[in-house]
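Biologist: I want to learn how to read helix packing. Can we work through a case together?

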Amino acid sequence: METLLEKQSPSALQTLPGDDIRQVMWRFAEKYELHMLVQSARGVARGPVARLVAAGARNSHDWTPDKASLLPAFDDSGITAAFLEPEYGGYLAGPKNFALALIAFELSWVDAGAATCSLAGNLGLAPIHERGTPEQRAKYIAGAAPAKAGENRKQIRAAFALTEPLPFAGVETGMLAGKVRVADWNNGDEPLLQVEKRGRFITNMGFANVVTAAVDSDDKRIKGSCMVILEEGDPGSWDRGTPTKKLVHQLSSTNDPAFNLRVPASRIVGGYSIKDGVIVPRYSHSEIIETVFRRTRVTVGLMTSAKLLSAIEPVILYQRRRFRGGEGAPGTPRYELGLQQKEDVLHRLVDIWATGEASASLGFAAARLFDELDPLEKQKDLWLAEKKLTGRAALKELSKKQAEALELVQQDSNPVGSRDLKRAEELAADPLVQFVLSDSVANVLCPACKLWNTGHGANMMREAVSLMGGYGVTEDCPGFLGQKWMDAQLEATYEGPEAVQRLQLSITMTTELFLAQFKQWIAEMKRIASDRPGTGACTLGTAMQLWLWTLNHVQNAADADGAKLYHKARQGVTFPLADALCWLLAARQFILDVVELEGKGAENPSLADGLGGTVAFFTDLCHVQTARAAGEVSRIAAETVFGYNRHPAWDESSCHACYQAEELESLEGIIPGIDGSARAYSDVSETGEGHPCKAGPCVKFAGLETFMRLRAKLDGCLTGCRLAKDRAAEALTKVMTREALDYPA
Ligand SMILES: Cc1cc2nc3c(=O)[nH]c(=O)nc-3n(C[C@H](O)[C@H](O)[C@H](O)COP(=O)(O)OP(=O)(O)OC[C@H]3O[C@@H](n4cnc5c(N)ncnc54)[C@H](O)[C@@H]3O)c2cc1C
């Protein structure tokens, strides 16, 4: 008998997406060294890491010899050295954000604690990598390279210590209890510093021998805060502290250490100068943290994406075998499909998959952007240094570049015939203009992917766990889904929890330069929609318009008591709008990646076979995801726009009539296919005149016609999204999988 799999049409999804597909979507098809890196990291993840998890190594808080065996596995596979510059023992030249993101993705496919163990070493070194002096880099970055055969030295393993015991530094990174004082300073000699720092939840602390610690001055001879490098063996007390009793990421080591050490002032990260007898660190701790986290947070976002995508195969395998019972025979729906005969389990898995794709697309796009930004940022630093510009003067100069960048965006947005091509070319050739353009987007993409991938990702991991029934909450669950669900919550927390990302977005998403580019993206979605309506690009473009309209509105509006709506302290307004933006950005990037796959995939003969089916399936997933994003944006926008008006006392004659009339009006002339003779919202004047509720409508229409129109249009844009979900669900019943996962359970 023909099996269900054999009934597949060539235009249907044939297999789960393999490396060839990912390389095209995530734009590293030409980077062979990264293909090798993926294979190496995967070997470690699905080998030693998976074996440790399966053997129950996560069941202890301590840093055990078993867990420690991962360190040489990272070293031998090239994972450790991937962070290092070639001159310091690495093998990848140039920026490495994308390479590190791939490593994190591969390791987290099996266990994100292992990924954290590897990445926390990079985080510990990152202050030195980003802001260290050449001497500091040469010593500590080179020292982190795995020792070569015959080389007799202790390899540096680093940790990063910012967070402190309650009630000190956490989300509020400025509230430092850690202190630095001058211990000894003889005339002309290098000052000796006394550093006191207690850490809380410090990763790698079970074995690290170097710590970069954030401290504040407790001495009038030292200005402000800084980061200092501490070494095991420095005179004083190096107490690793007790292991944290964490419920997550148990393959990494986390402790609450306490240090009281004497170190030379040359350990201040980035160096210092002496002004009027005061040590002035070149960088404050917050300047260093900012530049470090804006890169490493992207990687964390991708950890949760990997979990979601890793859940697809185990869930399909489980579903197909469940409820076969003893009587079904191969070829029968019960035998072949099991639980997949039920629509809901398929639809939920489609949602998980779509989220995983969108979050991976967003995370990898952010990582690529930082690779582009790194050299531009160096050029910017050099340019400012040559002009001897710092502080406000530097900002002033950069704001000129921002004006030029805006001009470039404007030129590019003009209709083809009316562009000043010469001027546009001149502006585009300026690396500083390119820097401010990319920087304004990176400042949004980084917090967006940390926030959405991990926060919404954790919610969706719960969905994945629920699809495995009771199995989901056992240690035996294939794919370790229960552990991954819990782990996702840590990813949403460390390196700044969701509130920190929302705070940052509430500022960066309102910059003129970002918004100018965002407007271009709306046009881009509308263009894609005309060729590929099935992606939901039109829906997304409209949802983006609605978000933009709402942002503009709240920036100028007040609540019922006259208080400003868009304000730093009003997180009830700023935070949901930040969340809404993330939904849009993730769905947009997923669409762009699918368009890329369709275009570039066709050039790759090895993809020829299944490409059509994969693109068709991904197109449906895009539609599902854009519909969900549109719903979120619509809900948040409506709550924000209307929710700060006070409802008048309920009155049958006004409110009720108003609502009834609205029912008729709201659909007319707005949603395709619905006819009627009543007025559309466009007929209602700015003051609400013309609306049936003349006494002053309970819902204030004044000035909101565009909003109402956009919302109604958005509803209409959802046409077909459930059909797309049905098709994607059907594909899940037919796609070929392996018989078992390629790592142990
Ligand atoms: C396993 C693990 C490993 C870690 N590794 C490291 C490490 O290696 N190095 C290191 O330095 N730290 C590390 N951390 C610490 C981690 O980065 C912090 O826990 C995290 O940044 C949050 O700080 P907190 O726990 O002090 O939360 P808090 O600062 O107490 O915040 C708690 C909650 O309050 C709310 N909140 C706080 N402030 C605001 C605000 N301004 N606006 C709105 N809401 C707000 C948010 O909901 C927030 O989640 C680790 C933590 C864990 C659990």
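Biologist: Which residues in α2 meet which residues in α4?

Modeller: Keep in mind that this is a predicted model. From α2 come S40, V44, P48, V49 and L52. From α4 come L70, A73, F74 and S77. By class, that contact has seven nonpolar, two polar and no charged residues.

Biologist: How should I read the spacing within such a list?

Modeller: An α-helix has 3.6 residues a turn, so residues three or four places apart point the same way. Now look at the case. In α2, S40, V44 and P48 are among the residues that meet α4.

Biologist: At what angle do α2 and α4 pack?

Modeller: Helix α2 covers residues 32-54 and helix α4 covers residues 70-77. They pack at about 165°, and their axes are 10 Å apart. Angles over 145 degrees count as roughly antiparallel. That makes α2 roughly antiparallel to α4. The crossing of α2 and α4 is right-handed.

Biologist: Now a second pair. What is the angle between α17 and α19?

Modeller: About 50°, with the axes 12 Å apart. Here α17 is residues 512-531 and α19 is residues 571-601. That makes α17 oblique to α19. The crossing of α17 and α19 is left-handed.

Biologist: Which residues make the contact of α17 with α19?

Modeller: α17 brings F514, F518, W521, E524, M525 and I528. α19 brings L581, L584, L585, R588, I591, L592 and V595. The residues of this contact divide into 11 nonpolar, no polar and two charged.

Biologist: Next, helix length. What span should α20 have?

Modeller: Take 1.5 Å a residue as the rule. Helix α20, residues 611-643, has 33 residues, so it should span 48 Å. The C-alpha atoms at its ends are 46 Å apart, which agrees.

Biologist: How many residues of α20 are buried?

Modeller: Buried means under 20% relative accessible area. In α20, 25 of the 33 residues are buried, so the helix is largely enclosed by the rest of the structure.

Biologist: Let us end on a single residue. Is A101 buried or exposed?

Modeller: A101 is buried, because its relative accessible area is 0%. Its place is in helix α5, residues 97-110.

Biologist: Which residues does A101 touch?

Modeller: Leave out residues up to four places away in sequence, and A101 touches T299, L302, F364 and A367. A101 and R297 are 196 residues apart along the chain, and their C-alpha atoms are separated by 9.9 Å.

Definitions and conventions. Residues are numbered from 1 along each chain as its sequence is written. This is a predicted model: local features need pLDDT of at least 70, side-chain atom pairs count only at pLDDT 80 or more; totals for chains, interfaces and linings use all residues. Side-chain values use heavy atoms; hydrogens and water are left out. Axes are lines fitted to C-alpha atoms, for helices over the stretch in contact, and angles run from 0 to 180 degrees between N-to-C directions. Helices (H or I, at least four residues) and strands (E, at least two) are DSSP runs, numbered from the N terminus. Angles under 35 degrees count as roughly parallel, over 145 as roughly antiparallel, 65 to 115 as roughly perpendicular and the rest as oblique. A crossing is left-handed if the near helix is turned anticlockwise from the far one by less than a right angle, and right-handed if clockwise. Contact means heavy atoms within 4.5 Å. Ala, Val, Leu, Ile, Met, Phe, Trp, Tyr, Cys and Pro count as nonpolar, Asp, Glu, Lys and Arg as charged, and the others, Gly among them, as polar. The expected span of a helix is 1.5 Å times one less than its number of residues. Buried means under 20% relative accessible area, exposed over 50%, partly exposed in between (1.4 Å probe, protein chains only).
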